[in-house]
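This report is an introduction for a reader who has not seen the structure before. Please look over the sequence and the model first.

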Amino acid sequence: MFAKTYGSTTFGVDGILIDVEVDVSYGFPAFDIVGLLDTAVKESKERVRTAIKNAGIKVRQQKVTINLAPADVRKDSPGLDLPIAIGLLTAYGVIPQEKTEHCLFAAELSLEGELRSVHGILPMAINARAKGFTKLFVAGANVNEALLVQGLTVYAIRNLADLIDVLTGKKDCAPAQPPDQGLSLADDSLQDDFADVQGQFIAKRALEIAAAGGHNVLLAGVPGSGKTMLARRLPSILPSMTQQEALEVTKIYSIAGFLKNNSGLIEQRPFRSPHHTISATAMIGGGSIPKPGEVTLSHNGVLFLDELPEFSKSTLESLRQPLEDGVVTISRVHASLTFPSRMILVAAMNPCPCGFFGDADKACNCTPNEIKHYTRKISGPLLDRIDIHIRVPRVAYNELTSVQPAETSAAIRQRVTKARDLQMQRLADYKIFCNAQMSHAMLRKTCHLTTGAQNLLGLVFKKMNLSARSYDRIIKVSRTVADLDQSGDIQDRHIAEAIQLRNDVGLDTL
Ligand SMILES: Nc1ncnc2c1ncn2[C@@H]1O[C@H](COP(=O)(O)OP(=O)(O)OP(=O)(O)O)[C@@H](O)[C@H]1O
Ligand SMILES: [Mg+2]
């Protein structure tokens, strides 16, 4: 007999529907699965066979052929165990074929027949709904993720024997209900507040502008000046994610297998701070079946690279494409995948190996060659992709010991959110969220400079020999400064602040 069921696998950040075709015929007993299988799916037949036996179903040994289509998609999800088992039981006549119509099955099976959760349920569910499926059967631990997709009835199933009873009408199963609240990615970062940082007004202002417009930032300064401390507080002033942004992030974490505790929608922006020994592959994503890297895991959030010059040159250079395009493309023999990677990059560094180059009070004891060697890894093109370069000086004693409380993250966040709302309204037609994402054409259409601002920019352009890219970046940052000022036009003071934020470190990149 022949039967057909449906399962799913993932490709990049999307789900792909897999047809499971099962044929059971008379002949020499055999059990073959074909269709470009990865090891996890090749091993599936042992799990399925044993799980069916342990579910108490006895079937006669026959010639079983299973085809997973489309044949040109590599199948790597152990979640195909369940549709294979259901397909087999349907072909044997245990489950009526009509009971599996419009149903998608996605779970791994244990030898006992228990359903186990799998990665990537959210993209699988989104794809299933788009393809017209109405029912989704998953393990209990995947339920909340699946329920994020509206228009699908989700069933949490404990084991194969239960599912057989449900599909044969012996047992009822109530659809699962949505959870009450979402998940935050890094709860402890919520305790970090800008109120802890004394002084450093320029650096805080720079981070406020970065948060408002989604701009990349480089913080350079002497050891102990608070660069790491400042950068770790950036998530606390970022505006909350839109529903669409939250879904994008949850999809990525679902595929990477980082959604824990049966979590639902991720509502807090990601903050990733990989160690400087990270490889280029771990940074941009990779593996024989590519998995998302740090640039993708920080999508819609913050990627913090502390001690920037300590990262390997290849890792830093690999950042150029994701920073420019907002996506990263990874090519392998079997597939070329694109992952989203639109984040705020925050980089921190000392200006030289001893850390005191340019310090007002302490002399730097590095030779020019040592400084050159230290900063050489950070190439011009990489620095050019960072809109705001800011020097973080040593905090003054009277500021550090001041009893005046510093401004809280909540107060800064209010201004950031207002500025971001203005941008969202202005950029709604272009389907982007913030000023940093504007292309040259969008910039020309949406940014209006007053005559005073034009004159100032013209003057600076000639004096400092600006490149076309720097010109665009200065306008983008000044647009954000104007948004924080709730100003429709870009005025000369906005341009002046943007220029200062670009050239403060002394690394000559303008
Ligand atoms: N502005 C500040 N207000 C209050 N505490 C501060 C401030 N700046 C630094 N500190 C204190 O100094 C510690 C060290 O700061 P931090 O690690 O951020 O320095 P850093 O600039 O990253 O140094 P390095 O270059 O060595 O990495 C902080 O944990 C904090 O306790
Ligand atoms: Mg530090």
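## Basis of the report

This is a predicted model, in which local features need pLDDT of at least 70 and side-chain atom pairs count only at pLDDT 80 or more, while totals for chains, interfaces and linings use all residues. Residues are numbered from 1 along each chain as its sequence is written, and chains are lettered from A and ligands numbered from 1 in the order in which they are written.

## Overall form

The C-alpha trace of the protein spans about 85 × 45 × 45 Å along its principal axes. Its secondary structure consists of 21 helices and 18 strands; these are DSSP runs numbered from the N terminus, helices being H or I with at least four residues and strands E with at least two.

The protein has 510 residues, of which 46% count as buried. A residue is buried if 20 or more other C-beta atoms, placed from the backbone, lie within 10 Å of its own. Among contacts with a separation of 6 or more, 75% are between residues 24 or more positions apart; a contact requires C-beta atoms, placed from the backbone, within 7 Å.

## The sheet of 5 strands

One open sheet has 5 strands in the order S11-S14-S17-S10-S18, with parallel pairing; two strands pair if DSSP finds at least two bridges between them. Strand S11 (271-272) and strand S18 (388-392) each have a single partner strand, so one side of each has no neighbour in the sheet.

Strand S10 (residues 217-221) runs parallel to S18 and is joined to it by 5 bridges. Val-217 has Ile-388 in S18 as its bridge partner. Helix H7 (residues 201-213) packs on this sheet, where it touches S10, strand S17 (344-349) and S18. The direction of H7 makes about 160° with that of S18, with axes fitted to C-alpha atoms, for helices over the stretch in contact, and angles running from 0 to 180 degrees between N-to-C directions.

## The sheet of 3 strands

Another open sheet has 3 strands, ordered S5-S8-S9, with parallel pairing. Its edges are strand S5 (103-106) and strand S9 (153-157); each has a single partner strand, so one side of each is left without a neighbour in the sheet. The twist averages 20° from one strand to the next.

Strand S8 (residues 135-139) pairs with S9 over 5 bridges in the parallel sense. Val-138 stands opposite Ala-156 in S9.

## Around ligand 1

There are 16 residues around ligand 1, and Pro-223, Gly-226, Lys-227, Thr-228 and Met-229 come nearest. A residue is near a molecule if its C-beta atom, placed from the backbone, lies within 6 Å of it. Helix H8 (residues 227-232) gives the largest share of this shell, 3 residues.

The shell is made up of 6 nonpolar, 9 polar and 1 charged residues. Here Ala, Val, Leu, Ile, Met, Phe, Trp, Tyr, Cys and Pro count as nonpolar, Asp, Glu, Lys and Arg as charged, and the others, Gly among them, as polar.

Definitions and conventions:
Contact = placed C-beta atoms within 7 Å. Buried ≥ 20, exposed ≤ 12 C-beta atoms within 10 Å, placed from the backbone.
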